[in-house]
Amino acid sequence: MSDFKDIYNKVVRNKYDFGTGSWAVVNKNIEMRLDKYGEYHPYQKNNDYQYSENEANNLKESCLSTSDLNESDISKRLYSQVPKIKYNKDLGYYSGLYVGHVVEGDYRKNGSSGGFGTWILSQLLKNDEIDFAINVTGSKDNEKLFEYSISDNLKGIKNGAKTKYYPVEFSKVINVLKENPGRYAIVGLPSFIMELRLLATIDPVIKERLKYTIGLVCGHQKSTKFAEFLAWQCGIKPGNLEKINFRKKQDNYPADRYAIEITGKVDGKEQTIIREMKDLLGNDWGQGFFKVRASDFTDDVMNETADVTLGDAWLPEYTKDNKGNNIVIVRNPVIQKIINNGIRNDKLTVDSVDENTIYRSQASHFKHTKYEMAYRLFKKQKNNEWIPKKRIEPSSNIPWIRKKVQDQREKICLEVPEYYQEALSKDDIDYFINKVKPLSKKYKNIYLLKRIISKIKRTLYPSK
Ligand SMILES: Cc1cc2nc3c(=O)[nH]c(=O)nc-3n(C[C@H](O)[C@H](O)[C@H](O)COP(=O)(O)OP(=O)(O)OC[C@H]3O[C@@H](n4cnc5c(N)ncnc54)[C@H](O)[C@@H]3O)c2cc1C
Ligand code: SF4
């Protein structure tokens, strides 16, 4: 039997909650709110509400951390019967693997990588496969910069282009989907698509109406404070940031050397500022400033339950082209057909690639997110803390130096948000910078030590 308090304590208190909004879809007593750290979490509208056994069970089954089903179970149900589909333990099912970009129109120019995300949505609408597209656009609400929104036209779809390193939740749009018949497609991060799949196992209306899922690769989720802090470094104080483009492509630089473009008030006057990401503190994704802790407890790098997965082609042979390229993993036959037609009609330029090329583009992501999660789970278990059942078993069997990297990443993840709160209350960005710089320095020193150890090993054992 499932009990609300038990599930809530396991998932939310232990920070295994991805903030997707799935609980606010299955239960009317739950709503999503941003907390003071700028992260979405579920809250009860009425704390005295008594959940029936069925309701508590639905909460359990719609949450990735407590569901009986994992990504392998769901993806097997969805794709194992697709003719000629292949399977790779890291990439999941696939019918096609590509690296490339959209040639047609301004999709690539306006997109974060090769523009595939917006292009696929637009093709689904044009081909009458969907009535509505759900993607992430600027919010009209003063409390936040971005939110999921629904559109039924190309303009709305194009409005959502670009990566938002910013939290969103889907309960509002999925509740609209439940009220309004039609065929929908949604773009989402791995935990979001997976929890939508779990919702679809519980709710036949969602299953019937959610026709296509476009998955993004996700290094980790950021809190709203990430955008706020980037802006603060540029002179726009917290509360004064109005717009942010996290992925401004730069002429004459490789694709992975992107900038941010922000608009907000500086001394009462609206300004637009462009800064290279590499010049801002918090740019290092490995260090994970303002990472939502739950992101450390997902093993799905490649959005295995999505109909198509898109990521950045972070490979030297592709990043030299500053206009950007996607990695693309196709699983759904309709989307495969759209891509085949796009290639045939010169709307897309892609290379068909092998599994290793796709893996290489996210090699460090696999190491951290998937394989070294074993150590993070091991540490939790050792502390007698509850851990979710993952596809990776707890283990301390990683090299000593990698344990140090993991320990420091955990420290950064847990301490950065607290120092930021203190800096906000003091209205002092330097306070924050002085507190976090030593964390960052120690992290870099661990990597320095790692390089020295590797060099010594190469000297002692040249053949290895
Ligand atoms: C938080 C986050 C972390 C990421 N980490 C990685 C990574 O580690 N490695 C990697 O290869 N790729 C990562 N990506 C994906 C990558 O940045 C691009 O979004 C992807 O390559 C698609 O680019 P595009 O040019 O095809 O898309 P575009 O044509 O620009 O379209 C992007 C689509 O994604 C939607 N979208 C944007 N932000 C969000 C969001 N937060 N949640 C749901 N939908 C959103 C947009 O509304 C739009 O529909 C990440 C994306 C996000 C949002
Ligand atoms: S890393 Fe995984 S859990 Fe974290 S936000 Fe991205 S998809 Fe969700």
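How do the residues of the shell around ligand 2 divide into nonpolar, polar and charged?

## Ligand 2 and its shell

The model is predicted. The shell around ligand 2 has four nonpolar residues, five polar ones and no charged ones. Its members are Phe18, Leu189, Pro190, Ser191, Cys218, His220, Gln221, Ser295 and Thr298.

Ligand 2 sits in the largest cavity.

## The largest cavity

Five cavities of 30 Å³ or more are present in the structure. The largest has a volume of about 140 Å³. Its lining counts 16 residues, and Ser191, Cys218, Gln221, Ser295 and Thr298 are the closest to the centre. Those five also belong to the surroundings of ligand 2.

Two helices each supply at least two lining residues: α9 (190-202) and α15 (363-371). α9 gives the most, with three residues. By class, the cavity lining has seven nonpolar, eight polar and one charged residues.

Ligand 1 has 33 residues around it. Ser113, Thr118, Gly160, Asp312 and Gln362 come nearest. In Gly160, a backbone N or O atom lies 2.6 Å from an oxygen atom of ligand 1. In Asp312, a polar backbone atom is 2.7 Å from an oxygen atom of the ligand. Asn326 uses its side chain: a polar atom there lies 3.0 Å from an oxygen atom of ligand 1.

Taken alone, ligand 1 exposes 920 Å². The protein buries 98% of that.

## Ligand 1: the shell

Which elements give two or more residues to the shell around ligand 1? They are α6 (116-126), β6 (132-138), β8 (184-188) and β13 (308-312). α6 gives the most, with three residues.

The shell around ligand 1 divides into 12 nonpolar, 17 polar and four charged residues.

The lining of the second largest pocket comprises seven nonpolar, 10 polar and seven charged residues.

Methods. Residues numbered from 1 in each chain as written. Chains lettered and ligands numbered in written order. Predicted model: local features only at pLDDT ≥ 70, side-chain atom pairs only at ≥ 80, totals over all residues. Heavy atoms only, no water. Near = heavy atom within 4 Å. 1 Å grid on protein atoms, 1.4 Å probe; cavity = no way out; pocket = protein on both sides within 12 Å on 5 of 7 lines; lining within 4 Å. Sits in = over half its atoms within 2 Å of the grid points. Nonpolar A, V, L, I, M, F, W, Y, C, P; charged D, E, K, R; others polar. Polar contact = N/O pair within 3.5 Å; in protein donor to acceptor, adjacent residues only side chain to side chain. Areas by Shrake-Rupley, 256 points an atom, 1.4 Å probe, with all protein chains shown as cover. Helix = DSSP H or I, 4+ residues; strand = E, 2+ residues; numbered from the N terminus. Points joined across faces, edges and corners; volume = space filled by probe spheres on them.
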